[in-house]
Amino acid sequence: MTNSRLRARLWASALTALLPCAAPVAAQQAVVTTQDASALEIGQAFLAHHGGQCYAILPTHVVSEAGRPALRREGPQGLLGETVDHADLGDDLSLARVDGAISTDCGTSALSIRRAVERLLQQGRLGTLRAINGDGTVAQLGVTIVDDDGRGLLRVQPTHQGNPIRKGLSGSLLLIDGVSVGMLLSVNARSGIGTVARIDMLMAKVDAHLMNAAAPAAAPAAQAAAAPASAPAAAAAGGPRVLAWNALPIDEAHRAANLTAGAEAPPWASIPERWPVTIDLQAGEGLVTIHGVVLDGRAVADAGRLPAHVELFINPSGDARSWRAITSVALDYRDGVAQIALAPLRTRLLRLSFSATVGGGELISLGRIGLLQ
């Protein structure tokens, strides 16, 4: 038996074991915006995890319009994330890897999403399009299923003409009795009828991609060639890495990931919707001992935009409930660099919480964050 056949058989066995346990609820969703305009709702995505990685499933045209999509997950926490890259699965469907705070609470397992929806589609012609607003609240629109082409696509129209399917809903989930049966791809501007990809067809494409991704990793040279050209230089091996942030950058070039990137990356810059602004770092590989933090603002043209005050938290276990405050200090920059000395501490994660800027303005910026070990 070839390796590809063996992988396919193992994948099918995993699906058979897990699908009966699938809960009849909607997958966790996120609204898709751009890096610099959280108010501009470009589309929707739904989230799933597999193999320790968080994924967003969304229409390809939404990815293209957003550039590097920024995601805000449903719920009051408003967890943020961004896509790292995406795979075009065909038929206007894409699968994108997600970084950021969203990855700490990333929907259900991709294997547990219910695929057997034929009976639901036969029983009911009324459904609901479920989407996420820019503030993380849920929006729902009643629709009627008017056609099933038998090739994986459905057609839906609003049950009330006064509530049309609007721009920004592409990627919404179509639910019947609380079960996800499809994802909205587009809407005809003249007729108001939306085209929906059935969940069984959609997940078949996702399954095939994830199964192929489980094959032996590509050679390092091939992986380097496949890396997106716009990605900033990676943090030094074993050094700190940005994991999460709670404020969008002013644009794609000034992302939070730049804080631990190479020297050629631009500084991080953001105009936060609310304060404090938090940046979460992975301190290194496993537990590491740190005795200080260095905030380098030399790349920031206006010193008034630098953080004025920071509260530091550590998390030795990596559990979301294990953050512990260790110090709160006003920052003293000397030649653009502020250094915070600490008693030796062992931790996995570090959180920096900035509450103001030096000049008191709305825009906050910083070049690099380093750890003294």
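**Exercise 1. How many bridges join strand E4 to strand E5, and in which sense do they run?**

Before the solution, some ground rules. This is a predicted model, where local features need pLDDT of at least 70, side-chain atom pairs count only at pLDDT 80 or more, and totals for chains, interfaces and linings use all residues. Residues are numbered from 1 along each chain as its sequence is written, and side-chain values use heavy atoms, with hydrogens and water left out.

Step 1: find the strands. E4 covers residues 70–73 and E5 covers residues 80–90; strands here are DSSP runs (E, at least two residues), helices are H or I runs of at least four, and numbering goes from the N terminus.

Step 2: look at the pairing. Three bridges join E4 to E5, and the two run antiparallel; strands count as paired if DSSP finds at least two bridges between them. Leu 71 has Gly 81 in E5 as its bridge partner.

Step 3: check the turn. Six residues sit between E4 and E5 in this hairpin, and Gly 75 in the turn has a positive phi of about 110 degrees.

**Exercise 2. Follow E5 onward to E6 and describe the hairpin they form.**

Step 1: E5 and E6 pair over eight bridges, in the antiparallel sense. Across the pair, Glu 82 stands opposite Asp 99 in E6.

Step 2: two residues lie between these strands, and Asp 91 in the turn has a positive phi of about 55 degrees.

**Exercise 3. Which strands stand at the edges of the open five-stranded sheet?**

Step 1: write down the order, which is E14-E16-E21-E18-E19, with antiparallel pairing.

Step 2: read off the ends. E14 (241–245) and E19 (324–330) each have a single partner strand, so one side of each is left without a neighbour in the sheet.

Step 3: check the E14 side. Four bridges join E14 to E16 (residues 277–282), with Arg 241 partnered by Gln 282 in E16.

**Exercise 4. Which cysteines form a disulfide, and what does the link tie together?**

Step 1: Cys 54 and Cys 106 form it, with sulfur atoms 2.0 Å apart; the cut-off is a pair of cysteine sulfur atoms within 2.5 Å. The count comes to one disulfide.

Step 2: Cys 54 lies in strand E3 and Cys 106 in the loop between E6 and E7, so the pair ties together parts that are 52 residues apart in sequence.

Step 3: the link is right-handed, with 80 degrees about the S-S bond. Both Cys 54 and Cys 106 are buried (under 20% relative accessible area; exposed is over 50%, partly exposed in between; 1.4 Å probe, protein chains only).

**Exercise 5. Is Gln 44 buried or exposed?**

Step 1: Gln 44 belongs to strand E2 (residues 43–50).

Step 2: Gln 44 is buried, with a relative accessible area of 0%.

Step 3: the side chain of Gln 44 reaches the backbone nitrogen of Ile 132 at 2.8 Å.

Key:
Polar contact = N/O pair within 3.5 Å; in protein donor to acceptor, adjacent residues only side chain to side chain.
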